[in-house]
Amino acid sequence: MRLALNTLLLGVVVCLCGCQQEDKRINMAADVKSDNLLVNIVTKPVIYAFSWIIGEGVEIDRAVTYVNKDGFLQLDIAGHNRAFNTIVYEYKVEWLDKDGIVVDTATSKWLQTSAAARAPFAIKAVAPRTTAVDFRMNTRKIPN
Amino acid sequence: MIKKLLAFVLFASTVTLVGCNTPTENVDTINDQGKAVMQLDYRDFDRAASEMVQSMIESGTFKKEGGGRYVVAKGRIVNDTMQHIDTDQLMGKVEQELTRSGLVAMTAAVGADNTPKDSLVYSSRDLTRDSDKADEFNKDTVQAKGQLIAPELSISGKIIQRNIRYDNGKQQVEYYFQLQMNNLTNGLVFWQNEIVLGKRGSDKKVPW
């Protein structure tokens, strides 16, 4: 009876520790942080496989533009990678003027970036002309 | 029958030989799907220049108080790689974008040794003011003395290459693009940035 009570108590403690609210500013990688009842050596392969099957990848949470103090349009993008592997990809930001015409600039090139597994990421870009008022962005996989 | 067979073999050989020739094609420099190479190619210069320019503009240090533009002279860009690089591949793009941004004006009159300057800035003065042909020029169109604008900033930098050999027949080549903008009045570094491009592949590939 005492043994059962101790086991139950231990189980509750483990559960509570597993459910402990983590600081969202800190992203601990799956193979760095402690396992818990839901994510452990047994369930990880299943979770990874499921993530791969449903094709989880990079998602954009928000894109904010603002004009900096020198009059140039600046773009801040925040997103997160839902996959369990690092995703390396390229992006190209094109700047648009008030008529929606692409501003010809040598900075609009395919640039490489990456998002770590299950982690947030940020992309920053600044238009090199004060005529830019909006943007559009494309992404692509790194050519193999 | 033999004649037909011979003709078929000849035709097949011709098709095969023609098929083996790799046709020349133009590189799509806008959406290039080509594989990465160990050496520096135009995509690397594009990337380095793009990130450098954006870093300069984002820094906010090039907005001149009281309006106007900073006048910038080309300093020396050292090529410390194993490749024959014309450093203008990088600097041309950087200067072009900085000039078009309206923040700076590049001077063609002053620059470090071995940097491209426009020799006509001086030779046209020599020709139109001091040579025996000077009389041929309308004096109102000849550049007066004291018109050249002295540079306030200079841009200089270095491209460095490091080769690192790994186990299992692999190597890593690291390229460091370093640029700095210096204030010629007081010698202080106005802005500075480094961009690292790394390439990893077979050590059979030659990075120069």
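A: Let us begin with burial: a residue is called buried under 20% relative accessible area, exposed over 50%, and partly exposed in between, with a 1.4 Å probe and protein chains only. In this predicted model, A:Tyr89 is buried, and A:Phe121 is buried too. Residues are numbered from 1 along each chain as its sequence is written, and chains are lettered from A and ligands numbered from 1 in the order in which they are written. Because the model is predicted, local features need pLDDT of at least 70, side-chain atom pairs count only at pLDDT 80 or more, and totals for chains, interfaces and linings use all residues, while side-chain values use heavy atoms, with hydrogens and water left out.

Q: What pLDDT does chain B average?
A: The general idea is that pLDDT gives the predictor's confidence in each residue, from 0 to 100. Chain B averages 88, and 95% of the residues score at least 70. Where pLDDT is low, the predicted coordinates should not be read in detail. For the complex, the predictor gives an ipTM of 0.81 and a pTM of 0.82.

Q: How many residues does helix H2 of chain B have?
A: Helices (H or I, at least four residues) and strands (E, at least two) are DSSP runs, numbered from the N terminus, and the expected span of a helix is 1.5 Å times one less than its number of residues. Helix H2 of chain B, residues 42-59, has 18 residues and reaches 26 Å from its first C-alpha to its last, close to the 26 Å expected. Just after H2(B), B:Gly60 takes a positive phi of about 75 degrees.

Q: Which elements cover the buried residues of H2(B)?
A: The buried residues of H2(B) include B:Phe45, B:Ala49, B:Met52 and B:Met56. Their cover includes strands S4 (111-115) and S5 (120-126) of chain A, and from chain B helix H3 (88-101) with strands S3 (153-165), S4 (170-183) and S5 (189-202).

Q: What is the order of the strands in the open sheet of chain B?
A: Two strands pair if DSSP finds at least two bridges between them. In chain B, five strands form an open sheet in the order S2-S1-S3-S4-S5, with mixed pairing. Its edge strands are S2 (104-111) and S5 of chain B, each of which pairs on one side only. For angles, axes are lines fitted to C-alpha atoms, for helices over the stretch in contact, and the angles run from 0 to 180 degrees between N-to-C directions. Neighbouring strands of this sheet are turned by 30 degrees against each other on average, direction ignored. H2(B) packs on the sheet, touching S3, S4 and S5 of chain B, and its direction makes about 155 degrees with that of S5(B). S3(B) and S4(B) pair in the antiparallel sense over 13 bridges, with B:Gln178 as the bridge partner of B:Lys158.

Q: How many aromatic pairs does a search of the whole structure find?
A: A pair of aromatic rings is described by the distance of the centres and the angle of the planes. Rings of Phe, Tyr and Trp (its six-membered ring) pair if their centres lie within 6.5 Å, and planes under 30 degrees apart count as stacked, over 60 as edge-to-face and the rest as tilted. The search finds five such pairs over all chains. In one of them, the ring centres of A:Tyr89 and A:Phe121 are 6.3 Å apart and the planes stand at 75 degrees, so the pair is edge-to-face. A:Tyr89 belongs to strand S3 (residues 87-96) of chain A and A:Phe121 to strand S5 of chain A, 32 residues apart. B:Phe45 and B:Phe177 also form an edge-to-face pair, 6.0 Å centre to centre with 85 degrees between the planes. Because B:Phe45 lies in helix H2 and B:Phe177 in strand S4 of chain B, the pair ties together parts that are 132 residues apart in sequence.

Q: Is B:Phe45 buried or exposed?
A: B:Phe45 counts as buried at 1% relative accessibility, and B:Phe177 is buried with a relative accessible area of 0%.

Q: Where is the place of B:Ile85?
A: B:Ile85 is in the loop between strand S1 (70-80) and H3 of chain B, and this residue is buried, with a relative accessible area of 13%. Contact means heavy atoms within 4.5 Å. Leaving aside neighbours within four places in sequence, B:Ile85 is in contact with B:Leu40, B:Phe45 and B:Asn79.
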